[in-house]
Amino acid sequence: MSGQGRQRDTVRRFNGQRPPLPLRGRHKAGPLRAPASLLIGADRQRPLPTVKVEMSEKLRSNINLKEPRWDQGTFLGRAKHFFMVTDPRNVLLSSEELEAARTIVENYKHGKVQPGLTEDELWKAKYIYDSAFHPDTGEKMILIGRMSAQVPMNMTITGCMLTFYRTTPAVVFWQWANQSFNAVVNYTNRSGDAPLTVGQLGTAYVSATTGAVVTALGLKSLTKHLPSLIARFVPFAAVAAANCINIPLMRQRELKFGIPVADINGNRLGESQKAAQQAIAQVVVSRIGMAVPAMAIPPVIMNALEKRAFLKRFPFFNAPIQVGLVGLSLVFATPLCCALFPQKSSMKVSRLEPELQAKILSSNPGINVVYFNKGL
């Protein structure tokens, strides 16, 4: 059959109309419909139904916001959690943004879901809320005491401690500044909901600051005749010693009266001094661990750089470089060392005080483990 004959036959099969041509190139997206030429009889007046694809994500109603998003039974899960909690960008959030996050979280807990809210947005609000509000009291924490302020504050103070360590006045001033900051952080991130008295705060602050300064000055005098690299580690030794003093003193009320312990569902069972001892020991280890990279790696690098011509020619770059190196170390050290132990720590009932064991077993005989917030 010739080409013209085939064309006439094709037109005849499509009711005298030319067949629809395929779409080519770019075209606007829309619902698919059958061409009118392919509809027969009454169907010409009734187009085929269109199928709409629902693209919005439906928010689940059973998300447990009392627990972190990631599995806290693994180090990786805890690290992801604390990278969010210690994110320095959270310091820049306004009061309105913090209150908006708080409203989203509290409304969701009470079954009220904001229209259009996605799961990712809910978790983002939860971590903003966690970064600024105390987990036990629900109060907004002091800005510089929040874990999100750890990197910017510590990089400045630690960088200056490592830079200005040669003179006694400089050692005294920066150790005092560091312990003043630590006192705020330790108070802000304490465990439990019992307040400290002004006298307890003052005693803890003076004791920790004195301990740090005495340790720093003592080590400084011992390292006078040692290589300069050894002298650079004096601030780290002083900070480690001060953490062992400052944290227990700032949380002495917990050691005396205990911290709240609960079952797996968060039902309060009593207060335990043994749990407080474990919590504070874990926090001390984490804090010293945070200081190791920031106060051990930069001194080695700076000791090498100061022998180069650049820093000899431009000595005023010493402090900014030191602060930058400390900041880089803290960005990773802070969340990773917080992740060494679960935030929701646990202890076997058999390790608690005998009277608390008896109380728990009499009312809840099936409970073998209790849980508590260890603080940060």
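**Cysteines and a nonpolar patch**

Hi everyone, let me start with the cysteines: the disulfide count here is zero, where a disulfide is a pair of cysteine sulfur atoms within 2.5 Å. This is a predicted model, in which local features need pLDDT of at least 70, side-chain atom pairs count only at pLDDT 80 or more, and totals for chains, interfaces and linings use all residues. Residues are numbered from 1 along each chain as its sequence is written, and side-chain values use heavy atoms, with hydrogens and water left out.

Cys-337 counts as buried at 11% relative accessibility, and Cys-338 is buried at 2%. Here buried means under 20% relative accessible area, exposed over 50%, and partly exposed in between, with a 1.4 Å probe and protein chains only.

Now to the surface. Phe-75, Phe-83, Val-285, Leu-328, Val-331, Phe-332, Leu-336 and Leu-340 form a nonpolar patch with about 670 Å² of accessible area together. Patch residues have over 30% relative accessible area and no salt bridge; nonpolar side chains (Val, Leu, Ile, Met, Phe, Trp, Tyr) are joined within 5 Å, like charges within 9 Å. A salt bridge would be a side-chain nitrogen of Lys or Arg within 4 Å of a carboxyl oxygen of Asp or Glu. Areas are Shrake-Rupley with a 1.4 Å probe, and for residues only the protein chains shown count as cover.

The elements giving two or more residues to this patch are α2 (75-85) and α13 (318-338). Helices are DSSP runs (H or I, at least four residues), and strands (E, at least two) likewise, numbered from the N terminus. The largest share, four residues, comes from α13. Leu-328 lies in that helix, α13, and is exposed at 54% relative accessible area.
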